[in-house]
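Here's a quick briefing on a protein model, with a few local features picked out by topic. Have a look at the sequence and the fold before reading on.

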Amino acid sequence: MAGSSPATRKSNQWSSPGRPRMPSVFAEDRNTELSHQDALAAAQAEHDRVREAAIRAYRGHELEEERKRLLEQQEWVLEQQRKEEERIWTEKRLRAEEEKLRALRATTVPKLPPEPPAPVAEVNGSAVAQKSTQPAPEASSKAASNTKPSPFAPQQQPSLNKGPFGQVNGANGVKSESSPLNPFGQPHTTPQGSPPTAPSPFSLPSKPVAPQTNGLAASIPAKPSLAANVDRYIEIHGNLKKLRASLIQQSKMSPPLKQRMGDMRRELRKNMGQLVGEKGGNRNQIAAIQALLDESLSGAVPSPLVDPSNFLTDKRDPVEGALHNGPQLPSLFLYLLNHFSKAVINQFMNECGAQPKTADPIGVVVAMVFSRDLYLWRGKSLIDILIAKFRIVCPVLFGYHGSEKTEQGRLRLGWKRVNGTWAPERQHIEWMKGLGAGYAAISLRNFANSKNANPWPPTNYWTAMAKIVNTSPAEISNTQCIVLRAMIETSEEKFIQFYGNAAIAALRKALVEFPGKVAEKTPGVSALNVLAQMVKRDIGLEL
C-alpha cells in the first residue's frame with residue numbers, strides 16, 4: 001500500500017548458535033535463576049568454540065613455520081656443502097700449483113751466455129748463412145760418426161743451406177729413406193694431405209723467400225715438397241673465408257637459406273659448448289651435430305654446389321664404393337664443417353689450457369665427425385679444414401719458430417693481436433697449452449676397433465713433435481716449450497702405446513735432452529723438466 005511503512009523483518013543475524021532466538025527482554029522469567037544459567041551455559045559454549053578454533057589456527061601456524069624452518073635449514077646445508085666442495089677443489093688446485101712452483105724453484109738457472117752473432121740467416125736467409133752452414137767434408141763426416149743416434153735426428157745431407165727458420169733448403173735435402181739405426185726418424189706413414197712423392201716433410205725452396213707473416217712465406221713452387229702443403233693450409237683458410245662470404249651473399253637473396261643457416265650455426269655452437277668429460281655423456285650433442293651435417297648434406301636446405309678440392313691439400317680421384325664421388329658437394333655442408341672446426345679451436349683455446357684433460361672428449365667428437373663414411377669425399381676425410389685452422393693459430397706444430405722479442409718472430413709463432421695490440425703473455429700461454437693438448441687429443445686416437453679410417457693418424461703427432469725438438473738451440477722459444485709440454489702432458493701413455501720403445505726415446509729427447517740444450521732457461525723449459533719428474537712419479541717411467 002502506497003505511503004505505508006514497510007513491514008518489520010525479523011533477523012537471526014545476532015542469534016547464538018546454541019539458542020534459536022533471543023528471549024524477549026519483557027519476558028516474565030528473564031531474571032530467574034534458570035534464565036541466568038542458560039545464558040552462562042551459552043556463553044561458555046561460545047567461549048570453548050572460539051578457543052578451539054584459535055588453538056587449531058595456532059597449531060597450523062606452528063606447522064607452517066616448522067616447515068619453512070626445515071626448508072631454510074636444508075638450503076643452508078646445501079649451500080655450505082657447495083662452498084666446502086669449492087674450497088676443497090680450490091685447495092687441491094692450489095696444492096698442485098704449489099707443487100709445480102716448488103719444483104720450478106728447485107731448478108737452477110745458469111747465467112746467460114754471450115750474445116750470438118747477428119741472426120741474419122734467421123730472418124732473411126742471406127748468403128752469410130750459406131757460408132756459415134757449409135762445413136768441410138772431413139769435419140762433417142767426423143761429427144756424423146761421433147753423434148749419438150736420436151729418434152728425432154734430422155737426415156744428414158752434404159752441402160745443404162739453411163733457410164730462414166734453420167730448415168733444410170734445396171732439392172738435395174729431401175731424402176725419403178730412414179736410417180736403419182733410427183726406424184722412427186721419419187714416420188713410415190705419410191700424413192694425410194701430403195703427395196705420395198713428397199721428398200721431405202718440411203723442406204723449403206732453395207731460393208731466397210720473402211718476409212714471412214705467421215710463419216708463411218710466398219715461396220716459389222719450384223719443386224714439390226711438404227712446405228707446399230703447409231702453404232696450402234693458408235690457401236685453404238683463405239678459401240674458407242671466401243666460401244663464408246659467398247654463402248652470406250647467397251643467403252641475402254634466399255630468406256629461407258639465411259634463416260636456416262643462422263639457426264644451424266647457432267645450434268652447432270651450442271652443442272659444442274655442452275660437451276662434458278663423462279663417458280657416454282655426449283651422445284645427445286654428437287647426435288645433434290651429426291643431424292645438422294646430415295641435413296646440410298642431404299639438400300633439404302638448398303645451397304650452391306662447390307668443389308671440395310679447394311679445401312684439401314691433395315688431389316683426389318673417384319674411388320669405387322665411396323658415397324660421394326661427384327666433383328661437388330653442397331656449400332652449406334662445407335660451411336658447417338668450417339664452423340664446427342672453428343668451434344673446436346675455440347674450445348681448445350678457451351677451456352683446455354687450464355685443464356688439458358678436457359681436450360679428450362672434444363678429440364673424440366672430432367674423430368667421429370671427420371671419420372664418418374657419410375662425410376668423406378672420394379673415400380677420404382675432409383679434416384684438412386680443421387688442420388688449416390691449426391696452421392693459423394699454432395704454427396709451432398708445423399715447424400715454425402721465431403723470437404718472441406720481435407714483431408716478425410711473434411707472427412711466426414702465432415701470437416695473436418687483441419684490439420690492435422699483442423695479447424698478454426699469460427693469455428698467449430693459455431691458448432698455446434690448449435692447442436697443444438687439443439692436437440694430441442686429435443692425433444693420438446686409437447682406431448684399432450673401428451671400421452672407419454683414422455682421419456689424422458699418430459704419425460702427424462710424431463712429425464709435429466719432431467719439428468719442435470729438432471729446432472737449433474739458439475732458435476728455441478718459450479712458446480715451443482709450452483706447446484711441447486701440452487702435447488705430452490696427459491698423453492704420454494697413449495704415445496707409448498702407439499710407438500713403444502721409440503716413444504720412450506722420443507720422450508727422453510723431448511723432456512730431457514731438448515730442454516738441456518737451451519741456453520736461456522725460460523718458464524717453458526723448466527716446465528719440461530718438471531714434467532719429466534711428474535712422468536716418473538705418475539707412471540714410473542724414468543727418462
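How many of the eleven residues of helix 14 are buried, and what does that say about how the helix sits in the rest of the structure? Eleven of the eleven are buried, so helix 14 is largely enclosed by the rest of the structure. Buried here means under 20% relative accessible area, exposed means over 50%, and partly exposed is in between, with a 1.4 Å probe and protein chains only.

Some ground rules: this is a predicted model, where local features need pLDDT of at least 70 and side-chain atom pairs count only at pLDDT 80 or more, while totals for chains, interfaces and linings use all residues. Residues are numbered from 1 along each chain as its sequence is written, and side-chain values use heavy atoms, with hydrogens and water left out.

**Helix 14 and what follows**
- The buried residues of helix 14 include Cys481, Ile482, Val483 and Leu484, and also Asn478 and Arg485. (Helices are DSSP runs of H or I with at least four residues, strands are E runs of at least two, and both are numbered from the N terminus.)
- Just after helix 14, Thr490 takes a positive phi of about 70 degrees, although Thr490 is not a glycine.
- Thr490 sits in the loop between helix 14 (478-488) and helix 15 (492-499), and is partly exposed at a relative accessible area of 39%.

- Helix 8 has 21 residues and reaches 30 Å from its first C-alpha to its last, close to the 30 Å expected at 1.5 Å a residue; the expected span is 1.5 Å times one less than the number of residues.
- Helix 8 is mostly covered, with 17 of its 21 residues buried.
- Lys342 lies in helix 8 (residues 331-351) and is partly exposed, with a relative accessible area of 39%.

- Asn419 has a phi near 55 degrees, a positive value in a residue other than glycine.
- The loop holding Asn419 runs between strand 3 (417-418) and strand 4 (421-422), and Asn419 counts as exposed at 80% relative accessibility.
- Ser309 lies in the loop between strand 1 (305-306) and strand 2 (329-330), and counts as partly exposed at 26% relative accessibility.
- Ser309 and Gln328 are 19 residues apart in sequence and 8.7 Å apart in space, C-alpha to C-alpha.
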